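Okay, thanks everyone, I'll keep this short. Let me put the structure up, and then we'll walk through it together.

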Amino acid sequence: MKIEITTNGNQLIASFAGRLDTAAAVQTAEDVKPLMEAEGKEIILDCTALEYISSSGLRIFLGIRKEAAAHGSKVIVRNINADIRQVFMMTGFISLFEIQ
């Protein structure tokens, strides 16, 4: 699992690549802390290269959303593949996030 966080004006863009599974979750949770601490930003979770997400990965996304809201930030999930979209639909995450 690889995560790259970049800044573009008021946006923080986190690009995820690989498999966000239980094995990757501990390090990923550490890597996304800057997103959770951002004040008043638009946080983009770019999933173009994300191949798979487990329940551990979903918890990380939910944590980002919760902390972002507490800090006045907004979370947008971009470019999810069909398999991840299906997981989001089955778990109700599709209604929790703005999906682009």
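Before anything else, a word on contacts: when I say contact, I mean heavy atoms within 4.5 Å. With that in hand, among contacts in the protein between residues at least 6 apart in sequence, 69% join residues at least 24 apart.

Some housekeeping. This is a predicted model, so local features need pLDDT of at least 70 and side-chain atom pairs count only at pLDDT 80 or more, while totals for chains, interfaces and linings use all residues. Numbering starts from 1 along each chain as its sequence is written, and side-chain values use heavy atoms, with hydrogens and water left out.

Overall size, then. The radius of gyration, taken over C-alpha atoms, is 12 Å. A compact globule with 100 residues would be near 13 Å, so that agrees; the rule there is 2.2 Å times the number of residues to the power 0.38. The C-alpha trace spans about 30 × 25 × 20 Å along its principal axes. Accessible surface comes to about 5,300 Å², with 50% of it belonging to carbon and sulfur atoms; that's Shrake-Rupley with a 1.4 Å probe, and for residues only the protein chains shown count as cover. Of the 100 residues, 39% count as buried, meaning under 20% relative accessible area, with exposed being over 50% and partly exposed in between.

On to the fold. We have four helices and five strands, running β-β-α-α-β-α-β-α-β from the N terminus. These are DSSP runs numbered from the N terminus: helices are H or I with at least four residues, strands are E with at least two.

Now the rings. There are six aromatic pairs; rings of Phe, Tyr and Trp (its six-membered ring) pair if their centres lie within 6.5 Å, and planes under 30 degrees apart are stacked, over 60 edge-to-face, the rest tilted. Phe 61 and Phe 88 have centres 6.3 Å apart and planes at 80°, so they're edge-to-face. Phe 61 belongs to helix 3 (residues 55-70) and Phe 88 to helix 4 (residues 82-91), 27 residues apart. Phe 61 is buried at 0% relative accessibility, and Phe 88 is buried at 0% as well. Phe 93 and Phe 97, by contrast, are stacked, 5.9 Å centre to centre with 20° between the planes. Phe 93 is buried at 10%, Phe 97 at 6%.

Note on methods
Buried < 20%, exposed > 50% of the residue type's maximum accessible area, 1.4 Å probe, protein only.
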